[in-house]
Amino acid sequence: MSSASKPKRKKPDPSAAKLTPEATQHLKDWMLSPEHLDHPYPTEEDKTELMGLTGLSRKQITCWFSNNRKRFWKPKMDELGREANLMGNTLSDHTVDYLKNWMLSPEHIQNPYPTPQEKLQIMADTGIDKKQLICWFSNNRKRIWKVKIQELKELYGVSADANLSDEHWEMYSRTSSNVAPTPFAAVPPPPVHDEFPAAHMPPPDLHDADPTLPVPPPDLHDMDGAIVDYAAIAAAEVVE
């Protein structure tokens with residue numbers, strides 16, 4: 001291979017300090033401290049303070065936290081039995097219990113994918129946003145739901161590659177301690193017609209009922225602003 005075709009190696013930043021074991025320990029201590037465990041995302045002021053303690057640049061500190069929340073912080077949360085949300089905050093025990101009960105309840109365990117209306121209800125009851133909801137279900141269908149299905153197959157003597165029968169689901173429904181949460185407040189369904197609310201829906205096309213009727217002009221009002229009764233006009237023309 002010629003020297004011209006060799007990929008150029010990126011020159012190291014001479015201003016970047018080396019990540020020493022002491023610097024790493026400072027960052028880990030900050031991340032896992034009681035003050036920051038629930039939200040291991042340093043502010044700009046926190047980063048400035050950490051720069052002074054470690055000698056690292058702001059960029060190095062940002063990269064370290066981005067890379068090591070999953071490596072150090074998430075295992076710590078698992079050890080404490082707390083739900084870790086890598087999107088920026090932790091979910092309360094009450095919220096996690098709500099979501100687990102929803103997923104494993106007899107009503108939803110066969111299809112642990114909330115509908116758009118169910119997502120609205122869950123968000124209203126728990127206070128989490130749509131992104132948090134989607135992330136939780138995506139992560140925990142494997143972590144919680146799949147494990148539960150495996151447990152049920154072992155309990156009912158079903159092979160790993162077979163499906164649970166209706167009889168098994170009926171047994172689960174009678175014995176399960178997981179109950180679908182009762183909604184705190186009913187959430188109305190989203191409007192079916194996004195462009196026109198129900199109170200402002202355009203009138204139906206007369207041709208939907210009878211294609212022989214004359215086509216009304218697009219403007220629903222005459223020159224004086226009065227509503228034109230096109231149904232009466234069309235009926236009169238048909239009679240003539």
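Reader: Are W30 and F65 buried or exposed?

Author: A residue counts as buried under 20% relative accessible area, as exposed over 50%, and as partly exposed in between, with a 1.4 Å probe and protein chains only. Here both W30 and F65 are buried. Keep in mind that this is a predicted model, where local features need pLDDT of at least 70, side-chain atom pairs count only at pLDDT 80 or more, and totals for chains, interfaces and linings use all residues. Residues are numbered from 1 along each chain as its sequence is written, and side-chain values use heavy atoms, with hydrogens and water left out.

Reader: How many aromatic pairs does the structure hold?

Author: Rings of Phe, Tyr and Trp (its six-membered ring) pair if their centres lie within 6.5 Å; planes under 30 degrees apart are stacked, over 60 edge-to-face, and the rest tilted. The structure holds six such pairs. In one of them, the ring centres of W30 and F65 are 5.4 Å apart and the planes stand at 85 degrees, so the pair is edge-to-face.

Reader: Which helices do W30 and F65 lie in?

Author: Helices are DSSP runs of H or I with at least four residues, strands are runs of E with at least two, and both are numbered from the N terminus. W30 lies in helix α1 (residues 21-31) and F65 in helix α3 (residues 58-79), so this pair ties together parts that are 35 residues apart in sequence. Ring pairs also link W30, W64, F65 and F72 into a cluster.

Reader: What kind of aromatic pair do W169 and Y172 form?

Author: W169 and Y172 are edge-to-face, with 6.2 Å from centre to centre and 85 degrees between the planes. Both lie in helix α7 (residues 166-175), three residues apart, which is about one turn of the helix. W169 and Y172 are both buried.

Reader: Where does the charged end of R69 sit?

Author: A charge sits over a ring if NZ of Lys or CZ of Arg is within 6 Å of the ring centre and within 35 degrees of the ring normal. The charged end of R69 is over the ring of Y41, at 3.9 Å from its centre. K28 lies over the face of F72, 4.5 Å from the ring centre.

Reader: How many helices and strands does the protein chain have?

Author: The protein chain has nine helices and zero strands. Of its 240 residues, 29% count as buried.

Reader: At what angle do helix α5 and helix α6 pack?

Author: Axes are lines fitted to C-alpha atoms, for helices over the stretch in contact, and angles run from 0 to 180 degrees between N-to-C directions. Angles under 35 degrees count as roughly parallel, over 145 as roughly antiparallel, 65 to 115 as roughly perpendicular and the rest as oblique. Helix α5 (residues 116-126) and helix α6 (residues 130-156) pack at about 110 degrees, with axes 10 Å apart. α5 and α6 are therefore roughly perpendicular to each other.

Reader: Which residues of α5 and α6 meet?

Author: Contact means heavy atoms within 4.5 Å. From α5, K119, I122 and M123 meet K130, L133, I134 and F137 of α6. M123 counts as buried, because its relative accessibility is 19%. Neighbours within four places in sequence aside, M123 is in contact with I128, D129, K130 and L133. The C-alpha atoms of M123 and L133 are separated by 7.5 Å, and these residues are ten apart along the chain.

Reader: At what angle do the axes of helix α2 and α3 cross?

Author: The axes of helix α2 (residues 44-54) and α3 cross at roughly 105 degrees and come within 9 Å. That makes α2 roughly perpendicular to α3. F65 returns here: E44, K47, T48, L50, M51 and T54 in α2 meet R58, I61, T62 and F65 in α3.

Reader: What about α6 and α7: how far apart are their axes?

Author: The axes of α6 and α7 are 11 Å apart, and the helices pack at an angle of about 105 degrees. α6 and α7 are therefore roughly perpendicular to each other. K148, I149, L152 and Y156 in α6 meet H168, W169, M171, Y172 and T175 in α7.
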